[in-house]
Amino acid sequence: MPQTVISIQTRGQGLYEFTEAAQKFVAGQASGEGLLTVFVRHTSCSLLIQENADPDVRRDLKTFFSRLVPPTSDPQMRWVTHTTEGPDDMPAHIKAALTAVSLGIPVSSGRLMLGTWQGLYLFEHRDHPHRREVVLHLSVNAG
């Protein structure tokens, strides 16, 4: 079963699309049906399948999660004890817990079966740039 790791360089909080990299991997490995499993190897970012047409969607999601889980410097977050890695770290862990670190996408005829406006995103929850690793694992129907 083919597997690879892609690296995504982030510039701080936000959504980073990697649909094209995942599609290239799948197209080079499969011509039949299968399942692509996507897994992020970090605890302060996550994965989303989300609209890729209007950038306002990404902006609004980032704003929503920032309001839902503000940094620990916000008075309503006084209860947080894990603060040694900065005011964005524990909120990043909470945001990752509320979203997904693994996704499954059906594959048919060597193509991801995403909808017209769907894209694959790494959702960075930390303020500073990071290099994130995403594992792509393809299970292909042998029959």
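A short exchange on the fold, the core, the helices and the charged pairs follows.

Q: What am I looking at, and how are residues numbered?
A: This is a predicted model: local features need pLDDT of at least 70, side-chain atom pairs count only at pLDDT 80 or more, and totals for chains, interfaces and linings use all residues. Residues are numbered from 1 along each chain as its sequence is written, and side-chain values use heavy atoms, with hydrogens and water left out.

Q: How many helices and strands?
A: The protein chain has 3 helices and 8 strands. Helices (H or I, at least four residues) and strands (E, at least two) are DSSP runs, numbered from the N terminus. Their order along the sequence is β-β-α-β-β-α-α-β-β-β-β.

Q: How much of the protein chain is buried?
A: Of its 143 residues, 42% are buried. Buried means under 20% relative accessible area, exposed over 50%, partly exposed in between (1.4 Å probe, protein chains only).

Q: OK, the core. Which residues have the most contacts inside the largest one?
A: Phe18, Leu36, Val38, Leu112, Leu122, Val134 and Leu136 do, in a nonpolar core of 22 residues. Such a core is a set of buried Ala, Val, Leu, Ile, Met, Phe, Trp, Tyr and Cys residues joined through side-chain atoms within 4.5 Å. Elements giving two or more residues to this core include helix 1 (19-27), strand 5 (102-108) and strand 8. Apart from it lies another core of 7 residues, among them Leu15, Phe65, Tyr121 and Phe123.

Q: Is Ile105 buried or exposed?
A: Ile105 counts as buried because its relative accessible area is 2%. Ile105 sits in strand 5. Beyond its neighbours within four places in sequence, its contacts (heavy atoms within 4.5 Å) include Leu36, Val38, Ile49 and Leu112.

Q: Switching to charges. How many salt bridges are there?
A: The whole structure has 7. A salt bridge is a side-chain nitrogen of Lys or Arg within 4 Å of a carboxyl oxygen of Asp or Glu.

Q: Which one involves Glu124?
A: Glu124 pairs with Arg132, at 2.7 Å from N to O. Glu124 counts as buried because its relative accessible area is 0%. Arg132 is buried too, at 4%.

Q: What else does the Arg132 side chain meet?
A: The Ser44 side chain, through a polar contact of 3.0 Å. A polar contact is a pair of N or O atoms within 3.5 Å; within protein, one must be able to donate a hydrogen and the other to accept it, and residues adjacent in sequence count only if both atoms are side-chain atoms. Arg132 belongs to strand 8 (residues 131-140).

Q: And what does Glu20 pair with?
A: Lys24, with the closest N and O atoms 3.5 Å apart. Both lie in helix 1, 4 residues apart, about one turn of the helix. Glu20 counts as exposed because its relative accessibility is 57%. Lys24 is exposed as well, at 58%.

Q: Why does that spacing work?
A: An α-helix has 3.6 residues a turn, so residues three or four places apart point the same way.

Q: Last one: what do the buried residues of helix 3 pack against?
A: Strand 4 and helix 2 (55-68). Those buried residues are Asp89, Pro91, Ala92, Ile94, Lys95 and Ala96. Leu98, also in helix 3 (residues 89-98), counts as exposed because its relative accessibility is 52%.
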